[in-house]
Amino acid sequence: MQSEFLLSAPSALGMFALANGVSQRPPLQWSDNLLSIAYHHPYVLALNDEFVTIHSVLDQQQKQSLPFQGGRTLGHFDGRLFVASGRDIYALVPVPIQKQVCLNFVLLFS
């Protein structure tokens, strides 16, 4: 939605608000100790001290959680998502569910 902002709210909530201050969507529930967030339509990625979590802005539900300790920041640059620790930078690449299932099948039965 145009002129919509994602704000950090108390109790580890991400609130969507329009420029006039009205919220028309339910909030995102984040984990505690939030360090950084990044937006890549239709997802918001949140980094805390243990995980990167992926939330959909379409239904405000958490879709995935990736273990990542020592993270410092998330960034969206030129259509690519990156997460950085104190020593390394990693690119986050979306993988379609069909490919994930096929890869797991091959790994389990090879």
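How many salt bridges does a search of the whole structure find? The search finds 2, a salt bridge being a side-chain nitrogen of Lys or Arg within 4 Å of a carboxyl oxygen of Asp or Glu. Side chains of opposite charge can pair when their charged atoms come close.

This is a predicted model, in which local features need pLDDT of at least 70 and side-chain atom pairs count only at pLDDT 80 or more, while totals for chains, interfaces and linings use all residues. Residues are numbered from 1 along each chain as its sequence is written, and side-chain values use heavy atoms, with hydrogens and water left out.

Select Arg25 and Glu4. Their side chains form a salt bridge, 3.0 Å from N to O. Arg25 is in the loop between β2 and β3 (28–29) and Glu4 is in strand β1, so the pair ties together parts 21 residues apart in sequence. Strands (E, at least two residues) are DSSP runs, numbered from the N terminus. Glu4 is buried at 19% relative accessibility, and Arg25 is partly exposed at 24%. Buried means under 20% relative accessible area, exposed over 50%, and partly exposed in between (1.4 Å probe, protein chains only).

Next, select Lys63 and Asp59, whose closest N and O atoms are 2.7 Å apart in a salt bridge. Lys63 is partly exposed at 46%, and Asp59 is partly exposed at 33%.

Move to the loop between β1 (4–9) and β2 (13–18), and pick Ser11. Ser11 is not a glycine, yet its phi is positive, about 65 degrees. Ser11 is exposed at 62%. Ala12 is in the loop between β1 and β2; its phi is also positive, near 55 degrees, but Ala12 is buried at 19%.

Finish at Pro42, in the loop between β4 (36–40) and β5 (43–47). The peptide bond from His41 to Pro42 is cis, with omega near 0 degrees.

Definitions and conventions. Helices (H or I, at least four residues) and strands (E, at least two) are DSSP runs, numbered from the N terminus.
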